[in-house]
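Hi,

Here is the structure I promised to pass on to you. Have a look at it first, and then read my notes below.

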Amino acid sequence: MRNFTTTVSMSGVDTDADADAAREAIRSHEVVHLQVANPLDDLRRYYDALVEAIGEPANIDEDFRRGGAPTGERWLEIRYDPDIPDDEAFRYSKNAQPFHTDESYVSSAVGVILFYCVSAAPAGGETVFISGRQLVEELQAARPELFEQLLTTPVTYRKADDFKHRPIIEIADDGTVDLNFNYFCADPDQAPEALALNQAFHDYVERDYPRELVLEVSLEPGESVMWHDDRTLHGRNSFTASEWGDRFIWKTGLIVPVAA
Ligand SMILES: [Fe+2]
């Protein structure tokens with residue numbers, strides 16, 4: 001059974017050894033916090049080498065001024081920008097972001113997401129996670145009718161030219177939980193029962209899910225967090241910021257090879 005989370009201490013100098021430790025941890029945990037022992041002078045060079053050594057990084061960057069169209073770049077910036085209205089794009093705002101999966105509309109999903117932190121917010125801004133396995137247990141116990149709908153009703157999530165149409169929760173024969181959900185990316189042109197389920201699940205995770213089961217990861221500059229996008233939900237706490245780049249994170253996706 002997969003565990004929720006662990007922390008791995010990275011050397012910051014031996015990329016191959018660090019990648020081996022990170023890969024082993026993410027094979028058996030939903031969320032892995034990577035702390036770095038030595039201060040890094042070139043974060044991009046280290047993290048490029050790290051993700052290439054862990055697995056197969058993907059070019060996930062999107063141009064938010066062109067409706068989220070792919071740019072072909074590996075790293076996507078998440079940076080507070082006071083010149084962009086807070087309600088225009090989460091990646092430039094200081095608002096809390098509700099729980100979601102990143103690849104809800106990505107038909108060729110890669111599965112694992114990694115954030116590395118350049119600068120941390122003065123206060124707040126933690127990345128928050130819900131374990132897919134714990135979520136299923138809670139739904140079965142507290143909301144069995146909602147759980148049944150989540151397993152059986154397909155919902156369409158769409159952005160730019162890409163989309164997915166499937167139930168929000170799928171469970172494989174071996175019990176692996178597979179989640180697909182982003183409240184704000186639901187295609188408005190779909191069955192009313194699908195849109196109602198998108199709303200009901202959003203309300204459940206934001207309002208009713210036990211807060212003590214939510215993991216908060218606070219990243220210091222140079223640290224990173226990687227997670228299985230389809231086995232967890234993630235979001236963000238609001239934060240204080242006034243200057244451009246007060247909170248600054250780079251994100252990519254990667255395919256992690258299964259154990260030999
Ligand atoms: Fe996200």
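Ala160 sits in the loop that links strand 11 (154–159) to strand 12 (162–167). Helices (H or I, at least four residues) and strands (E, at least two) are DSSP runs, numbered from the N terminus. The phi angle of Ala160 is near 50 degrees, a positive value in a residue other than glycine. Ala160 counts as partly exposed because 13 other C-beta atoms lie within 10 Å. For reference, a residue is buried with 20 or more other C-beta atoms within 10 Å of its own, exposed with 12 or fewer, and partly exposed in between, with C-beta atoms placed from the backbone.

Two things to keep in mind as you read. This is a predicted model, where local features need pLDDT of at least 70 and side-chain atom pairs count only at pLDDT 80 or more, while totals for chains, interfaces and linings use all residues. Residues are numbered from 1 along each chain as its sequence is written.

Four strands form an open sheet in the order 7-17-10-15, with antiparallel pairing; two strands pair if DSSP finds at least two bridges between them. At the edges are strand 7 (97–100) and strand 15 (215–217), each pairing on one side only. Strand 7 and strand 17 share two bridges, and Gln97 stands opposite Arg236 in strand 17. Arg236 is also the bridge partner of Thr127. Five bridges join strand 10 to strand 17, and three join strand 10 (residues 127–131) to strand 15. There, Val128 faces Glu216 of strand 15.

What packs on the sheet? Helix 3 (residues 132–142) does, touching strand 10 and strand 17 (232–236). Helix 5 (residues 192–208) packs on the sheet too, touching strand 7, strand 10 and strand 17. Of the five residues in strand 17, four are buried.

Finally, the core. The largest nonpolar core has 52 residues, and Leu114, Val225 and Met226 have the most contacts inside it. Such a core is a set of buried Ala, Val, Leu, Ile, Met, Phe, Trp, Tyr and Cys residues joined through C-beta atoms within 7 Å. Strand 8 (residues 112–119) gives the largest share of this core, six residues. Beyond its neighbours within four places in sequence, Leu114 is in contact (C-beta atoms, placed from the backbone, within 7 Å) with residues including Val51, Ser224 and Met226.

Happy exploring!

Conventions:
Contact = placed C-beta atoms within 7 Å. Axes fitted to C-alpha atoms, helices over the stretch in contact; angles between N-to-C directions.
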